[in-house]
Amino acid sequence: MTDKYVAAIDQGTTSSRCIVFDQRGGIVAVDQREHRQIFPKPGWVEHDATEIWEKVQSVVAGALERAGLRADQLSAIGITNQRETTLLWDRATGEPVHNAIVWQDTRTAQLCTQLGGEDGQDRFRDRTGLPLASYFAGPKVAWLLDNVPGLRQRAVRGELAFGTIDSWLIWNLTGGTDGGRHVTDVTNASRTMLMNLESLEWDQSVLDAMDVPAAVLPEIRSSSEVYGTAVGQLAGVPVASALGDQQAAVFGQTCYGVGEAKNTYGTGSFLLLNTGNRPVPSKNGLLTTMGYRLGGDAPVYCLEGSIAITGALVQWFRDQLGIISDASEIEPLAASVEDNGGAYIVPAFSGLFAPYWRSDARGVVTGLTRYVTKAHLARAVLEATSWQTREVVDAMYQDSGVEITTLKVDGGMTANGLLMQHQADVLGVPVIRPVVAETTCLGAAYAAGLATGVWSDLDELRSHWMRDAEWTPRMSEEEREREFANWHKAVERSFGWEQSG
């Protein structure tokens, strides 16, 4: 084995994990733990940030133990995280002042409508690349300041720190109340709706409009640089990267060229297309977002299609309906029938994200007859992910003129061969999974290793990427378009269930 190692912390929506990589980009050890999902009201989703920090410390210790390594044998540690999830904590005590509000949470839908005013969803899009939606962190922090007694006054006085989960982890890793660094990177900052995409600084006009005091904000840094040195169990290890989870997957999939794209299948699914060193405005419901920035290099931008519910639909099928007892059971159940039996499931549990941005949508099951069995429903659950991805790919082509010829895929759902085949079928292009499917962690490790000299450049990282599996289209064009039309009919029936303002 090589003697240089980099660890990556992946703090996700449902769990935290730590993966240790060697110098070839191979996985040495993994440890993972779930945390609680808190649902105070319909549409509200929260996390206990203190619990998250405890779980992160546990998985770091577990991964080091499994790897048989000491902390001082790590060259760097990188961080990747669930994006948009919003937290305020007390700078003096280090205690969160409220549960973190998760990216899936819809409590700010009415606030977003009010903020839009006569300009509507696109009021801030020219500066931030984002439509006004409950997804993003800016309205979430505004909601906390307005609705939790005493927080606004404390924020103005500089007593509170705002951050997405990357900021919370970096602050704690580098000392917390004793000198912890309050920073974020450009990718996470670009998801707050508070950062100007051109200047890469907090946009004062947006802060004023949302009434968010600058005193709570972290410093914006690049995605690959040493932010500080860890204390505690990782004492002395450079904390050297931060990337939102989807941007980390772009980096881990080595999508470093214009026109290269990847889709990550997790709780939700996120398709990102590299558009180079300039932001490309979207007219088709996509997000213009940061891809990454390496040290002082020019920033790289992406178009992104964000799908709220994909893997979470399988969890719902398992936990709320009880039709399966383990997520792995859905593939053989779905494969026991030849098609969906005419049934479609639109998982608009928290509204619809790209390309619709409909906060008023709610989940529907359509096309039911007495012929439909649980196996048909299982198939409809999987197909919902493929069709939502197809909608995003179509929107990307309309915005950029770039036709995707292959799709690199990663994330837990790529283990499902039936889903990956259906994805290739409905896109009409090959779907390719790399040997290291955990590209989110890999991207964070790569960025941290670049900052500390473990790897020399992007070409070296490209040389590590290897194909594991490929699925090629089998569906006829006629069947593809007929099924897509049925999907659209199902989506239209999800609209208008919830008052959005």
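Start with the open sheet: select its six strands, which run in the order β3-β2-β1-β5-β12-β11 with mixed pairing. Strands here are DSSP runs of E with at least two residues, helices are runs of H or I with at least four residues, and both are numbered from the N terminus. Two strands pair if DSSP finds at least two bridges between them. At the edges you will find β3 and β11 (224-229), each of which pairs on one side only. Ignoring direction, neighbouring strands of this sheet are turned by 25° against each other on average.

A word before you go on: this is a predicted model, in which local features need pLDDT of at least 70 and side-chain atom pairs count only at pLDDT 80 or more, while totals for chains, interfaces and linings use all residues. Residues are numbered from 1 along each chain as its sequence is written, and side-chain values use heavy atoms, with hydrogens and water left out.

**Inside the sheet**

Now select β1 (residues 5-11) and β2 (residues 15-21), which pair in the antiparallel sense over six bridges. Which residue of β2 stands opposite glutamine 11? Look for serine 16.

**Helices across the sheet**

Next, show α14 (residues 439-451), which lies across β1, β2, β5, β11 and β12 (238-244), at about 135° to β12. These angles run from 0 to 180 degrees between N-to-C directions, with axes as lines fitted to C-alpha atoms, for helices over the stretch in contact; contact means heavy atoms within 4.5 Å.

**Helix α2**

Move to α2 (residues 109-116) and colour its buried residues: Ala109, Leu111, Cys112, Leu115 and Gly116. Seen down the helix axis, the buried residues of α2 fall within an arc of 160°, so they line one face of the helix. That arc is taken from the directions from the helix axis to the C-beta atoms. Buried means under 20% relative accessible area, exposed over 50%, and partly exposed in between, using a 1.4 Å probe and protein chains only. Among the elements that cover these buried residues are α4 (137-147) and α8 (204-210).

**Salt bridges**

Side chains of opposite charge can pair when their charged atoms come close. A salt bridge here is a side-chain nitrogen of Lys or Arg within 4 Å of a carboxyl oxygen of Asp or Glu, and the whole structure holds 33 of them.

Select aspartate 48 and arginine 36, whose side chains meet in a salt bridge at 3.3 Å, N to O. Aspartate 48 is in the loop between β4 (46-47) and α1 (49-67), and arginine 36 is in the loop between β3 (27-34) and β4, so the pair ties together parts that are 12 residues apart in sequence.

Then try glutamate 260 with arginine 462, where the closest N and O atoms are 3.3 Å apart. Glutamate 260 sits in the loop between α9 (245-252) and β13 (261-265) and arginine 462 in helix α15 (residues 458-462), so this pair ties together parts that are 202 residues apart in sequence.

Another stop is aspartate 319 and arginine 318, which form a salt bridge at 2.6 Å, N to O. Aspartate 319 is partly exposed at 48% relative accessibility, and arginine 318 is partly exposed at 25%.

Finish by selecting Arg83, Glu84, Arg191, Asp245 and Glu304, which are linked in a network of salt bridges.
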